[in-house]
Amino acid sequence: MRLLVFAGSTRQHSFNRKLARVTAALAREAGAEVTHIELGDFDVPMYNADLEARGTPADVMRLKQLGFEHPAWIICAPEYNASYPALLKNTLDWISSPVKSDPAWTDGFKSTRGKVVGMLSASPGALGGLRSQSHLAPLLLNLNFWVAPTSFALGRAEDAFDADGQLVADSARNHVRAVVDQVLWAAERLQAGN
Ligand code: FNR
């Protein structure tokens, strides 16, 4: 199963980037073929339809293709003001915007429809970014994802990782593994049915 993993943060010491690295490792252990990307490696401007009319940026096309190639996704979402950050919204808006000039990409949901997505979050707060997920889920459903019902919010994130970026608590690792397992389980069954 091909799994795409990324975090909605480009911050150098981002907790969600650390969580994405842990997630990718656990998914590889579970036998998935993991593509772990950093959104900071993609040159994606703030969405603007006038800009788009001059041509969809090359890195947006890379993201669309990556999304399309992966039946399973896991997103690690920071929480900003009880919701998810603009970086995630902007990335997903670009991914879902049809490329009118390219017959292969006139379907805006080509990259996301029917994919299984798992949500994780990490925050220094006690709730671990749970409210970010509650806003992210409707957006993902609108993009025609199947949203995995099991999710995990990592609270007190500044104490949650050791110096090597590993999760300190076995319980936290087990929660992440449960999301990974469910996403892979569901994606395999959806693929088999297609
Ligand atoms: C935050 N942060 C935050 N945390 C939280 O648990 N609930 C919240 O509502 C908010 N709101 C918020 C707004 C803004 C504008 C910023 C910049 C930050 C704190 C946030 O969780 C923290 O900065 C994390 O470290 C961000 O995630 P990364 O970059 O570590 O992955």
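View 1. An oxygen atom of the ligand is 2.8 Å from an N or O atom in the side chain of Arg11, and an oxygen atom of the ligand is 2.9 Å from a polar backbone atom of Phe15. Taken alone, the ligand exposes 620 Å², and the protein buries 69% of that; such areas come from the Shrake-Rupley method with a 1.4 Å probe, where for residues only the protein chains shown count as cover.

A word on how to read these views: the model is predicted, local features need pLDDT of at least 70, side-chain atom pairs count only at pLDDT 80 or more, and totals for chains, interfaces and linings use all residues. Residues are numbered from 1 along each chain as its sequence is written, and side-chain values use heavy atoms, with hydrogens and water left out.

**View 2. A shell of residues surrounds the ligand.** Here you can find 13 residues around the ligand, and the closest are Arg11, Ser14, Asn16, Glu79 and Ser123. By class, the shell has five nonpolar, five polar and three charged residues. In this sorting, Ala, Val, Leu, Ile, Met, Phe, Trp, Tyr, Cys and Pro are nonpolar, Asp, Glu, Lys and Arg are charged, and the others, Gly among them, are polar.

View 3. Helix 6 takes in residues 170-192, 23 residues in total, and reaches 33 Å from its first C-alpha to its last, close to the 33 Å expected at 1.5 Å a residue. That expected span is 1.5 Å times one less than the number of residues. Helices (H or I, at least four residues) and strands (E, at least two) are DSSP runs, numbered from the N terminus. Look along helix 6 for its buried residues, among them Ala172, Val176, Val179, Val180 and Val183. Buried means under 20% relative accessible area, exposed over 50%, and partly exposed in between (1.4 Å probe, protein chains only). An α-helix has 3.6 residues a turn, so residues three or four places apart point the same way. The cover over the buried residues of helix 6 includes strand 1 (2-7), helix 1 (15-29), strand 3 (72-76), strand 4 (116-122) and strand 6 (152-154).

**View 4. Val183, a buried residue of helix 6.** Val183 belongs to helix 6 and counts as buried because its relative accessibility is 0%. Not counting residues up to four places away in sequence, Val183 touches Leu3, Ala72, Trp73, Ile74, Val116, Val117, Gly118 and Ala148; contact means heavy atoms within 4.5 Å.

**View 5. Ser121 and its partner Gln133.** Ser121 is part of strand 4, and at 0% relative accessibility Ser121 counts as buried. The side chain of Ser121 makes a polar contact with the side chain of Gln133 (2.8 Å). A polar contact is a pair of N or O atoms within 3.5 Å; within protein, one must be able to donate a hydrogen and the other to accept it, and residues adjacent in sequence count only if both atoms are side-chain atoms. Leaving aside neighbours within four places in sequence, the contacts of Ser121 include Asn16, Leu19, Ala77, Phe152 and Leu154.

View 6. Arg17 is buried, with a relative accessible area of 15%, whereas Arg28 is partly exposed, at 46%. Leaving out residues up to four places away in sequence, Arg17 touches Ala7, Ser9, Thr10, Arg11, Gln12 and Glu38, while Arg28 touches Val34 and His36.

View 7. Most residues other than glycine have a negative phi. Asn81 has a positive phi of about 50° although it is not a glycine, and Arg156 has a positive phi near 50°. You will find Asn81 in the loop between strand 3 and helix 4, and Arg156 in the loop between strand 6 and helix 6. Asn81 is exposed, with a relative accessible area of 81%; Arg156 counts as partly exposed at 46%.

Technical notes:
A residue is near a molecule or strand if one of its heavy atoms lies within 4 Å of it.
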